Amino acid sequence: MAYLPIDTIRHARPPASPIVEATLALVRARIRDAYGEHLKSGGAGFDDFVFAAPNAGITRADLEAVEQALLDAGHRFDWSAAISVAERPDAYKGGADSGADFMFDHAEAVTEAADSDGRTRVGQGDNVVRHDADVSGTARYIRSNDRVLAYLTDGVPAGTIAIIDDSGGTLTAPIIDQFAGILCAGGTVRSHLGILAREFGIPCFMNAKLSGIRDGDRVLMETTAAPRTTEDYQTATERTGRVWRLEGAA
């Protein structure tokens with residue numbers, strides 16, 4: 001029998017963050033406890049434990065207990081959409097929408113002072129598709145169902161550059177065709193939202209790192225920048241389009 005090179009590799013567990021280690025330790029403890037009870041009740045072995053019906057292994061209640069143990073220890077989860085914070089403020093780090101004063105403040109956003117044209121660099125993102133001209137518009141944070149419902153009722157204001165937390169596209173799908181541009185803090189150019197934007201012909205930056213944009217600011221997206229390719233991601237090659245805040249509001 002022929003063996004592949006991968007067959008001889010001895011896999012080592014990659015270094016994990018303290019929260020990952022704590023979670024794994026809790027899950028392992030649950031498995032050990034459940035397996036011990038399984039053996040005491042006459043179970044034949046681990047295979048019997050894993051494939052028992054009803055399942056004698058990890059249950060939803062077990063995982064909820066693990067989560068609660070982490071929360072009780074003071075841990076709060078990161079979030080990808082503001083709705084998570086709104087629905088479970090006890091489980092997620094702070095960051096829900098705080099109105100007109102809210103803005104993203106990404107540590108890796110490249111910022112620069114205003115130039116002679118009144119453009120202040122406020123970040124960058126992965127361009128989905130190269131367009132013939134850069135795109136400007138009014139920044140509007142779209143981070144809640146309430147705002148989407150309002151725009152469904154009254155229409156999206158013309159020239160809206162939508163700033164979005166999540167890369168899934170589900171929240172904004174009903175109104176995406178009305179955006180002048182999109183700046184999404186998550187995902188890649190191959191994410192669902194990036195694909196939707198491409199199909200609708202809407203300028204879009206994914207994985208946007210932004211700092212200093214408030215709702216209602218005028219912004220300019222460098223959509224003439226080269227798009228980031230799959231090869232760029234594979235080789236960790238940075239290729240971004242710039243974002244500027246323009247003098248004056250909409």
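Predicted model: local features only at pLDDT ≥ 70, side-chain atom pairs only at ≥ 80, totals over all residues.
Buried means under 20% relative accessible area, exposed means over 50%, and partly exposed lies in between, using a 1.4 Å probe and protein chains only. Residues are numbered from 1 along each chain as its sequence is written, and side-chain values use heavy atoms, with hydrogens and water left out.

**Overall build**

- The protein has seven helices and eight strands; helices (H or I, at least four residues) and strands (E, at least two) are DSSP runs, numbered from the N terminus.
- Contact here means heavy atoms within 4.5 Å. Among contacts with a separation of 6 or more, 57% are between residues 24 or more positions apart.
- The accessible surface comes to about 14,300 Å², and 53% of it belongs to carbon and sulfur atoms. Areas come from the Shrake-Rupley method with a 1.4 Å probe, and for residues only the protein chains shown count as cover.

- Helix α1 covers residues 18-40, has 23 residues and reaches 33 Å from its first C-alpha to its last, close to the 33 Å expected at 1.5 Å a residue. That expected span is 1.5 Å times one less than the number of residues.
- Just after α1, Gly42 takes a positive phi of about 105 degrees.
- Ile31, Phe46, Val50 and Phe51 make a nonpolar surface patch of about 390 Å². Patches are made of residues with over 30% relative accessible area and no salt bridge, with like charges joined within 9 Å and nonpolar side chains (Val, Leu, Ile, Met, Phe, Trp, Tyr) within 5 Å.
- Phe46 has its place in helix α2 (residues 46-50), and with a relative accessible area of 44% Phe46 is partly exposed.

**Nonpolar cores**

- A nonpolar core is a set of buried Ala, Val, Leu, Ile, Met, Phe, Trp, Tyr and Cys residues joined through side-chain atoms within 4.5 Å. In soluble globular proteins, nonpolar side chains tend to be buried together.
- The largest core has 18 residues, and Phe179, Ile182 and Leu193 touch the most other members. Two or more residues each come from α5 (145-154), β4 (160-164), β5 (181-184), α6 (192-200) and β6 (204-210).
- Beyond its neighbours within four places in sequence, Ile182 is in contact with residues including Ala162, Ile164, Leu193, Ala197, Phe205 and Met221.
- A second, separate core of 16 residues includes Phe104, Val122, Leu210 and Val219.

- Trp244 is found in strand β8 (residues 241-249) and is buried, with a relative accessible area of 4%.
- Not counting residues up to four places away in sequence, Trp244 touches Arg119, Thr120, Arg121, Val122, Arg218, Val219, Leu220 and Glu222.
- The C-alpha atoms of Trp244 and Gly212 are separated by 9.7 Å, although the two residues are 32 residues apart along the chain.
- Thr120 is found in strand β2 (residues 119-127) and is buried as well, with a relative accessible area of 17%. Leaving aside neighbours within four places in sequence, Thr120 is in contact with Glu112, Ala113, Ala114, Val243, Trp244 and Arg245.

**Salt bridges**

- The structure holds eleven salt bridges, each being a side-chain nitrogen of Lys or Arg within 4 Å of a carboxyl oxygen of Asp or Glu.
- Glu112 forms a salt bridge with Arg121, the closest N and O atoms being 3.7 Å apart. Glu112 is partly exposed at 44% relative accessible area, whereas Arg121 counts as buried at 8%.
- Arg147 and Asp215 meet through their side chains in a salt bridge (2.7 Å, N to O). Arg147 lies in helix α5 and Asp215 in the loop between β6 and β7 (217-221), so the pair ties together parts that are 68 residues apart in sequence. Asp215 is partly exposed, with a relative accessible area of 24%.
- Glu238 and Arg228 also meet in a salt bridge (4.0 Å, N to O). Glu238 lies in the loop between α7 (230-234) and β8, and Arg228 in the loop between β7 and α7, so this pair ties together parts that are ten residues apart in sequence.
- Glu238 counts as exposed at 61% relative accessibility, whereas Arg228 is buried at 7%. Salt bridges that share partners join Asp126, Arg228 and Glu238 into one network.
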